[in-house]
Amino acid sequence: MKIVLVLFLVLFVGPFVLLLPFFGMLGAMELCARVGGRLSESLTATLPPKFGAAVIAIPKFAIIILKSIRRNLLRSSLSYLAVFVMVLVITGIWSILTFLDAATSAKAANFKALVTDKFQIPSQMPPSYIGELTREAANLPAGMRADPAKDVMTWSFVGTSLDPDPSKRSQENMIIFFSMDPRGLLNMMDDLEQDRLSPADAKQMRENVAAMQTNIKGIVLSEEKLRTINRKVGDRLKVYCFPGQYKDIEFDVEIVGTFPRSAGRYDGSAILNLEYLQKSLDAYERKTGKQHPMSNRYINLFWVRVPNEDAMRALAESLDKPGRFSTPPVKIERGSSAVSSFLDAYKDIIAGMRYLLVPAIVAVMILVIANAISISVRERRPEMAVLKVLGFQPWQVLILILGEALIVGVLAGGLCTTLAYYGVNARGGIQFPIAFFGKFFIPVESLWWGPVLGAIAAIAGSVVPAWSARSVRVSEVFAKIA
Amino acid sequence: MTNKPIVQVRDLYKSFTRGAEKIEVLTDLNVDVAEGEFLALMGPSGSGKTTLLNLIAGLDQPTSGKILVGDQEISAMTESQLARWRTRHVGFVFQFYHLLPVLTAYENVELPLLLMPLTAAERKRQVLNALELVQLSNRLSHRPGMLSGGQQQRVGIARAIVTDPTLIVADEPTGDLDSKSANEILSLLDLLRESLNKTIIMVTHDPHAAERAQRLLHLEKGRLVMDSTQGEPRPTVAFPR
């Protein structure tokens, strides 16, 4: 029954809903052309006739184009829907690729560098490295040095579950924490920087950090994660570390806040105060009389913001000095390059999306438009011939045909990306877990991508049939009819 | 009607090539058409009458020879010059009307005026005059599908005369109509000639339609075999060169 309902919605209700704005826009455009025609007639009354007539003719031509689109409603609707769906798919893919491009593109200044274990994956460094690496970064020459208060951050990944039984681990009871100094949330986390958030979201993050500093057991989760584990802010819970990682470590935590909704990339994420992790490991040692196996290697990543490439090079040189950072040795790379390395495993799928899927969809889109416009032109060859008989220039016939395709393409592309931008983003983005990115959002740039993509496909698809319409030989067309 | 020729066809040849074959459609044709004359072109299929009509209307170019309409040699014009010339000087009436189905009667008649430097008021006045002349003032906002064949042809005639052309060419204008509607259309063409002194060249297969013309030219195999005044058949005459 549910399948029938879904099929009904997808096949009948969906297209109808998608077509409504299309016809609405066509109607609005025709109304504008008519109003524009009236206005231009009154405004051009004082102009020289030749110039005035040219101005008046533009809305009249637009009306002819719009009426021609309405001539075969089924064909126009199907062309529109086909372009709409394909632009939607491209927008989705494009959004993912754009995000990944941004994450892996190298900035020229004020970029983040990542220090990790040189040889071991996953990187595991001793906690003593926090102070030592911070000092190295802070002691660089003036103009290169980092501010320990706001330019460094460490991450320790801590896998936990609400259920102590590992065999019962599931999405509904699992929480993977970034364990870190809460201050890093305000300065070092991508898209959470205070100057990038709205005032309300920035305030929410400041309150989260203050709560975590006051209460080291405080954790911050995404709203999505809260829903998944069915908890709310203020709840206290006990979480059990994965035995393969922080064996026998448990945390009694309290949910003190959530990520702002605008920071959708952190959906599914959770933050644990690093101090609490350290104290728990110390407590383990006091309780058992021996160090926890992770006590000396729980720093996974050390992030430092450097002002420029020279600063990163200088830091790399100081880290490479003999006798320093030798157990384990470390390497430094740009954050973007680290993400690129991480995404290496996905490079085939990303390349496939970029170089095969998107061009294939664009090609299909062009063919759909070419097919629809070709049929339309073939059916209307006598009409084109009549227009030429009446004195229309070949280029005017060309514009009439290109105009039809262009309007369908631009409306399909524009309406698609507008609906996608507001609809998909309001519903929480595109779920497409890839590397450590779980969700992707439609970028605001899509509001111009869509119409431009639709326009390009429309022109590419209609240029040949439009040229054929332009080149109609009047005598041949009428000879065939006769 | 005056004796001054408005159309002069001189040594006209037209041939087409189909594959390796060369088809002579019009051969050594010389015709004068006086201003205000109603001329009918007849002949069997393939005799070249529509080709001649298309050449005089500037829809095609001759293989050799000259065509002058007024004092302009249209056989020497480029395609875009011909398009501009047609807008001002030729009104075309088709057998199958060829109105744009998405436009109203008013908009169809207005179409050629969009290409002319007219003010909105002038354009409106000309469209209304043309539709009044064909007695369709009460059908301005009707689309072609809402009109009878005869009415559609009258809209077609209004579209042909709206630019006040020198010449009206009609290719079987009654070929798709019943006899009553055909009569009305022929009367209308007569009226245009009499009251507006329009020069009309009409291709027809219908002897009754041809009878309404003042002069009849008969073509066979691309040659002029008969030139007559109404009711006075006479053999082909040589025209002064």
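A residue counts as buried if 20 or more other C-beta atoms, placed from the backbone, lie within 10 Å of its own, as exposed if 12 or fewer do, and as partly exposed in between. Lys225(A) is buried because 22 other C-beta atoms lie within 10 Å. This is a predicted model, in which local features need pLDDT of at least 70 and side-chain atom pairs count only at pLDDT 80 or more, while totals for chains, interfaces and linings use all residues. Residues are numbered from 1 along each chain as its sequence is written, and chains are lettered from A in the order in which they are written.

Lys225(A) sits in helix H7 (residues 223–229) of chain A; helices (H or I, at least four residues) and strands (E, at least two) are DSSP runs, numbered from the N terminus. Leaving out residues up to four places away in sequence, Lys225(A) touches Ile175(A), Gly268(A) and Ala270(A), a contact being two C-beta atoms, placed from the backbone, within 7 Å.

Chain A as a whole:

| Item | Value |
|---|---|
| Secondary structure of chain A | 15 helices and 11 strands |
| Buried residues of chain A | 37% of 482 residues |
| C-alpha span of chain A along its principal axes | about 105 × 60 × 45 Å |

In chain A, 79% of the contacts between residues at least 6 apart in sequence join residues at least 24 apart.

At the interface, 26 residues of chain A are in contact with 24 residues of chain B. The largest share of the chain A side, 11 residues, comes from H2(A).
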